Amino acid sequence: MPSPDPIAVGRAVDARTDFAAALFETAREASRDVEGVTRPAWSDLDMAAARQVEAAARQLDLETSWDPAGNLLATLPGQDRSARRVLTGSHVDSVPRGGNYDGHAGVLASLTALAAFRDLGWTPPCDITAIAMHGEESVWFGTAYLGSKLACGTLPDGDLDRLRRADTGQTLAECIAGCGFDVAALRAAKPWIDASNTKAFLELHIEQGPLLIDADQPVAIPTAIRGNVRFPDAHCLGRYDHSAACPRAWRQDTALATAELISRLEAWWIEQEQAGVPDTVFTVGKLFTDAAEHAMTKVPGRMDFTLNFGGTTNDFLETSAVRIAELAAEIAARRDVRFELGGRVGSRPTPLDPGLRAALIAAAEAQGMQPQEFATVGHDTAVFAGVGIPGAMVLVRNTNGSHNPHEAMAIEDFMAGTRTMAAAIAAVAG
Ligand SMILES: [Zn+2]
């Protein structure tokens with residue numbers, strides 16, 4: 001049976017608009033908070049959202065199962081059940097009082113694509129599986145991508161017992177067991193999603209920045225997932241002095257030293273952009289004097305801050321780290337302060353698969369869209385790509401940013417993204 005063409009897939013997806021819209025509303029109702037929705041990973045609310053997806057999948061006569069970590073799988077069986085499958089999906093959990101679309105849009109897009117394939121009466125050559133995962137946001141546990149890492153076997157040993165719910169102190173293992181999953185089996189399980197059984201992972205996600213609104217387009221096919229180099233616990237140490245009595249030459253002013261470091265890093269970032277380095281970001285998310293000691297009339301003797309560079313090349317990230325150290329040393333010597341940058345953390349950039357990206361772009365163009373291309377932020381796709389499963393994404397226009405209750409994605413834009421992803425899945429599976 002040949003794969004349905006993009007136009008046929010697009011029409012079948014569009015015919016499922018009410019189906020998708022109703023599922024968004026069911027999820028919103030079940031996890032409604034004072035504002036927005038709250039679905040902490042492996043909470044009752046998070047599991048309820050996954051169970052709604054399970055019920056809808058059963059109505060479509062898809063095969064449903066739960067993996068040992070509690071991720072939901074819904075499969076449209078292929079002709080060759082042993083062939084490597086196409087996997088598609090995202091996460092159901094949310095930040096507290098978040099929007100209804102971050103993550104869940106990807107879950108519902110994958111289910112809507114399978115509904116469209118059912119409606120077309122298409123039996124694909126290989127299984128196509130939708131997955132609804134937990135713990136991408138992971139606000140309780142402080143470590144992202146828990147569900148996909150458990151599936152791919154990349155969660156470090158011991159994290160099931162080391163990571164604890166911030167509010168109750170329960171371990172991750174206890175929380176998963178509390179949802180009715182067999183943690184002994186989870187501990188014994190080998191990674192159950194890998195490149196030997198999965199040939200592609202495709203994820204739709206809302207855009208969490210402003211670029212699609214600016215471009216007046218519904219859909220982007222991202223080029224890469226940014227990596228980052230971060231100093232989460234940096235300090236500048238100097239000396240507290242009387243603000244009126246101490247002349248400039250005697251000061252060891254950490255506020256001015258840190259302000260200079262930041263503004264020179266910003267200048268360097270702009271230089272890199274102007275030199276053509278693509279898709280870079282720089283953020284100082286925390287910057288403060290010590291509230292226990294600071295005063296308007298004191299020269300500040302201590303500043304605490306964070307530094308966070310993101311980019312799509314290792315070269316940019318490594319050069320950023322070197323530049324931070326060089327500037328800190330130079331400024332410290334001149335201003336008689338000491339920078340303690342603390343531990344460095346971060347992640348490598350994840351290039352998205354060129355073949356899958358081309359399939360997505362072709363699918364969008366065949367349906368009359370002009371997909372945008374730019375880098376995106378960390379998503380579950382990075383975990384699958386990290387174990388050698390080719391991955392790519394579709395971003396959908398969304399107003400008001402993300403991780404807040406005001407996320408706003410038009411259902412028409414969601415359908416445009418889902419048409420794109422479904423047509424690419426049909427091409428890739430075929
Ligand atoms: Zn997300």
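A polar contact here is a pair of N or O atoms within 3.5 Å; inside the protein, one of them must be able to donate a hydrogen and the other to accept it. Keep that in mind for the notes below, and remember that this is a predicted model.

1. Let's start with His91. The backbone oxygen of Asp93 sits 2.9 Å from a polar atom of the His91 side chain. The side chains of His91 and Asp102 are also joined, by a polar contact of 3.2 Å. His91 itself is found in strand S3 and counts as buried, since its relative accessibility is 0%. Sequence neighbours within four places aside, His91 has contacts that include Val107, Met133, Glu136, Glu137 and Asp380.

2. Now the metal. Which residues coordinate the zinc ion? They are His91 and His205, each through NE2, and Asp102 through OD, at 2.0 to 2.1 Å. Along the chain, the donors follow the spacing H-x10-D-x102-H. Asp102 is in the loop between strand S3 (85-91) and helix H4 (104-120), while His205 belongs to strand S5 (residues 198-206), so this pair ties together parts that are 103 residues apart in sequence. Both Asp102 and His205 are buried.

3. Asp102 deserves a look of its own. Is Asp102 buried or exposed? With a relative accessibility of 4%, it counts as buried. Leaving out neighbours within four places in sequence, Asp102 touches residues from both annotated sets, including His91, His205, Glu137 and His403. Other contacts of Asp102 include Asp93, Ile206, Gln208, Ser402 and Glu407.

4. His403 is another case. It lies in the loop between strand S17 (391-396) and helix H14 (411-429), and it is partly exposed, with a relative accessible area of 42%. Its side chain makes a polar contact of 3.0 Å with that of Glu137. Beyond its neighbours within four places in sequence, His403 is in contact with Val95, Gly98, Asp102, Glu137 and Gln208.

5. On the overall layout, the domain assignment gives domain 1 (6-225 + 350-429) and domain 2 (227-347). Their C-alpha centres are 37 Å apart.

6. Apart from neighbours within four places in sequence, its contacts include Pro349, Thr350, Leu352, Val377 and Met393.

7. Finally, Gln272. This residue is in helix H10 (residues 254-274) and counts as buried at 17% relative accessibility, given that the cut-off is under 20%. Leaving aside neighbours within four places in sequence, Gln272 is in contact with Val277 and Phe316.

Key. Residues numbered from 1 in each chain as written. Predicted model: local features only at pLDDT ≥ 70, side-chain atom pairs only at ≥ 80, totals over all residues. Heavy atoms only, no water. Donors = N, O, S within 2.8 Å, 3.2 Å for Na, K, Ca; no water. Helix = DSSP H or I, 4+ residues; strand = E, 2+ residues; numbered from the N terminus. Buried < 20%, exposed > 50% of the residue type's maximum accessible area, 1.4 Å probe, protein only. Contact = heavy atoms within 4.5 Å. Domains from an automatic or database assignment.
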